[in-house]
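Dear colleague,

Please find below the structure that I am handing over to you. My notes on what was found in it follow.

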Amino acid sequence: AAMAARCHLAARFHHVHGANVRLDASRTRATRVESFANGLCFSQEPLAPGQIFLVEIEEKELGWCGHLRVGLTAHDPQSLEVVPEYSLPDLVNMGDSWVFAITRSHNRVAVDGEEAPVRARGLPWEPFLLIEQVRIPRDTLVGRSRPGRYSHILDDLYKMNVLPATARRSRIGVLYAPQPDGTADMHIIINGEDMGPSARRLPTTRPLYAVVDVFASTKSVRVIPVEYGFPSLQTLCRLVIQKHIVHRLAIDGLDLPPPLKSFCKHE
């Protein structure tokens, strides 16, 4: 319950942001209105251990190279005299900030001295994502395309939870997991899949804020609230239905109430 209350409070952007960012009235949608830079945003509150800050890509803009960047910073946005133009390298060069660019085919990051691990893709009907001691309801984390005339092209991606990382409607989150030595590992989550530790030995003695850089081809993002706890009955029904159908459009032929059909197709 405490985590749920904290997540609800933090599921918005800080009023301090880059010069080219415009927030909506609820501060849950950030849009870069000019150029390709000065799109830096922060979470309203510092994150609690294991708390994910999740955003969905709402709009893309053609003509730019590069994509969304996410991470964590120990700098209180309120204390910044000037918001850096770029998260990479400007904010990172200030120290105590860890930011990574999201690529079209984002891979898990190798641990020092080890080969890159094989991607352990979770099944879409597994209700929780487990990261060390952190358990997060998976369904909210997964971005899915809308079914339509050509949805058969993307349906395998839909069933395997691998909507391209930089695609519109893709969902990307960041969190930190405490370690026995008193530090923390930062994890990036893409469409319900843990990319593994992307930064290690983060200090936990200072508050850590989420960083979202609405950069280049990413035009607009929206914060997605994540409710911790048991999945709802409606969500469990959707997972069972999705597990047993061949194609999303087959949902239309099921004897179900229209609102549940729409919910099952993620419309």
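In which order do the seven strands of the open sheet follow one another? The order is S1-S2-S13-S4-S9-S10-S11, and the pairing is antiparallel. Strands pair here if DSSP finds at least two bridges between them. At the edges are strand S1 (21–23) and strand S11 (193–203), each of which pairs on one side only. From one strand to the next, the twist averages 25°, where axes are lines fitted to C-alpha atoms, for helices over the stretch in contact, and angles run from 0 to 180 degrees between N-to-C directions.

Before going further, please note that this is a predicted model, in which local features need pLDDT of at least 70 and side-chain atom pairs count only at pLDDT 80 or more, while totals for chains, interfaces and linings use all residues. Residues are numbered from 1 along each chain as its sequence is written, and side-chain values use heavy atoms, with hydrogens and water left out.

The protein as a whole

The protein has five helices and 13 strands. Both are DSSP runs numbered from the N terminus: helices are H or I with at least four residues, strands are E with at least two. Of the 267 residues in the protein, 51% are buried. Buried means under 20% relative accessible area, exposed means over 50%, and partly exposed lies in between (1.4 Å probe, protein chains only). Among contacts (heavy atoms within 4.5 Å) between residues at least 6 apart in sequence, 70% join residues at least 24 apart.

Strand S13 and its partners

Strand S13 comprises residues 218–223 and is mostly covered, with five of its six residues buried. Strand S2 (residues 29–32) pairs with S13 in the antiparallel sense over three bridges; here threonine 31 has serine 220 as its bridge partner. Strand S4 (residues 53–60) also pairs with S13 in the antiparallel sense, over five bridges. In that pairing, valine 223 of S13 is the bridge partner of valine 55, and threonine 218 of S13 stands opposite lysine 60.

Aromatic pairs

The structure holds five aromatic pairs. Rings of Phe, Tyr and Trp (its six-membered ring) pair if their centres lie within 6.5 Å; planes under 30 degrees apart count as stacked, over 60 as edge-to-face and the rest as tilted. One of the pairs is formed by phenylalanine 13 and phenylalanine 53, edge-to-face at 5.9 Å centre to centre and with 70° between the planes. Phenylalanine 13 lies in the loop between helix H1 (2–10) and S1, and phenylalanine 53 in strand S4, so the pair ties together parts that are 40 residues apart in sequence. Both phenylalanine 13 and phenylalanine 53 are buried.

A further edge-to-face pair joins phenylalanine 36 and phenylalanine 215, with 6.1 Å centre to centre and 75° between the planes. This pair links distant parts of the chain, 179 residues apart: phenylalanine 36 is in the loop between S2 and S3, and phenylalanine 215 in the loop between strand S12 (209–213) and S13. Phenylalanine 36 counts as partly exposed because its relative accessibility is 27%, whereas phenylalanine 215 is buried, with a relative accessible area of 8%. Ring pairs link Phe36, Trp64, Tyr86 and Phe215 into a cluster.

Arginines over rings

A charge sits over a ring if NZ of Lys or CZ of Arg is within 6 Å of the ring centre and within 35 degrees of the ring normal. Arginine 69 lies over the face of phenylalanine 215, 3.8 Å from the ring centre. The charged end of arginine 135 sits over the ring of phenylalanine 128, at 4.0 Å from its centre.

Local backbone and side-chain details

Arginine 27, in the loop between S1 and S2, has a positive phi near 60° in a residue other than glycine. Its side chain is joined to that of glutamine 44 by a polar contact of 2.4 Å, that is, a pair of N or O atoms within 3.5 Å; within protein, one must be able to donate a hydrogen and the other to accept it, and residues adjacent in sequence count only if both atoms are side-chain atoms. Glutamine 44 lies in the loop between strand S3 (40–42) and S4 and counts as buried because its relative accessibility is 19%.

Arginine 201, in strand S11, likewise has a positive phi, of about 60°, although it is not a glycine. Arginine 201 counts as exposed, at 56% relative accessibility. Finally, the peptide bond from leucine 88 to proline 89 is cis, with omega near 5°, and proline 89 is placed in helix H2 (residues 87–93).

Yours sincerely
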